[in-house]
Amino acid sequence: SLTGGCYTASSKGLPFNQAKTNCFDGHGVIAEIHDEQKASFLQQVMSSSKSDYFWIGYEKLNDVDWSWEDGADDK
């Protein structure tokens with residue numbers, strides 16, 4: 001597995017802020033995707049999970065802007 005993210009599929013839908021809190025409480029951070037390796041890993045996690053609920057750390061700030069939780073500016 002990869003480090004630097006919270007890779008947990010939830011059995012129920014949670015609001016974004018609750019998902020972030022759950023990751024933080026587990027001593028992690030919500031997953032962020034900055035390279036193909038992590039994108040591929042997360043695709044495998046999602047396709048092998050029975051859950052329909054996944055969050056990544058990319059948040060809509062307003063009608064135009066989005067931001068990664070770590071402040072990275074890659075899109």
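How many salt bridges does the structure hold? The structure holds two, where a salt bridge is a side-chain nitrogen of Lys or Arg within 4 Å of a carboxyl oxygen of Asp or Glu.

## The model and its confidence

This is a predicted model, in which local features need pLDDT of at least 70 and side-chain atom pairs count only at pLDDT 80 or more, while totals for chains, interfaces and linings use all residues. Residues are numbered from 1 along each chain as its sequence is written, and side-chain values use heavy atoms, with hydrogens and water left out.

The term pLDDT stands for the predictor's confidence in each residue, from 0 to 100. The protein chain has an average pLDDT of 83, and 89% of the residues reach at least 70. Among the elements, the lowest mean pLDDT (86) belongs to helix α1, residues 16-25, and the highest (90) to strand β2, residues 66-68. Where pLDDT is low, the predicted coordinates should not be read in detail.

## Overall layout

The protein chain has two helices and two strands, in the order α-α-β-β along the sequence. Helices (H or I, at least four residues) and strands (E, at least two) are DSSP runs, numbered from the N terminus.

Of the 75 residues in the protein chain, 20% are buried; buried means under 20% relative accessible area, exposed over 50%, and partly exposed in between (1.4 Å probe, protein chains only). Among contacts with a separation of 6 or more, 63% are between residues 24 or more positions apart, a contact being heavy atoms within 4.5 Å.

## The salt-bridge network

Side chains of opposite charge can pair when their charged atoms come close.

E69 lies in the segment after β2 and K20 in helix α1, so the parts tied together here are 49 residues apart in sequence. Through shared partners, K20, E59 and E69 belong to one network. K20 is partly exposed at a relative accessible area of 23%, E59 is partly exposed at 26%, and E69 is partly exposed at 34%.

## The aromatic cluster

The whole structure contains three aromatic pairs. Rings of Phe, Tyr and Trp (its six-membered ring) pair if their centres lie within 6.5 Å; planes under 30 degrees apart count as stacked, over 60 as edge-to-face and the rest as tilted. The pair Y58 and W66 is stacked, because the ring centres are 5.5 Å apart and the planes are at 20 degrees. Y58 and W68 form a tilted pair, with 4.4 Å between centres and 40 degrees between planes. Y58 lies in strand β1 and W68 in strand β2, so this pair ties together parts that are 10 residues apart in sequence.

Ring pairs link Y58, W66 and W68 into a cluster. W68 is buried, at 6% relative accessibility, whereas Y58 is partly exposed at 25% and W66 is partly exposed at 41%.

## The loop residue H34

H34 sits in the loop between α1 and α2 (36-48). At 34% relative accessibility, H34 is partly exposed. From C-alpha to C-alpha, H34 and A72 are 8.5 Å apart in space, although 38 residues apart in sequence.
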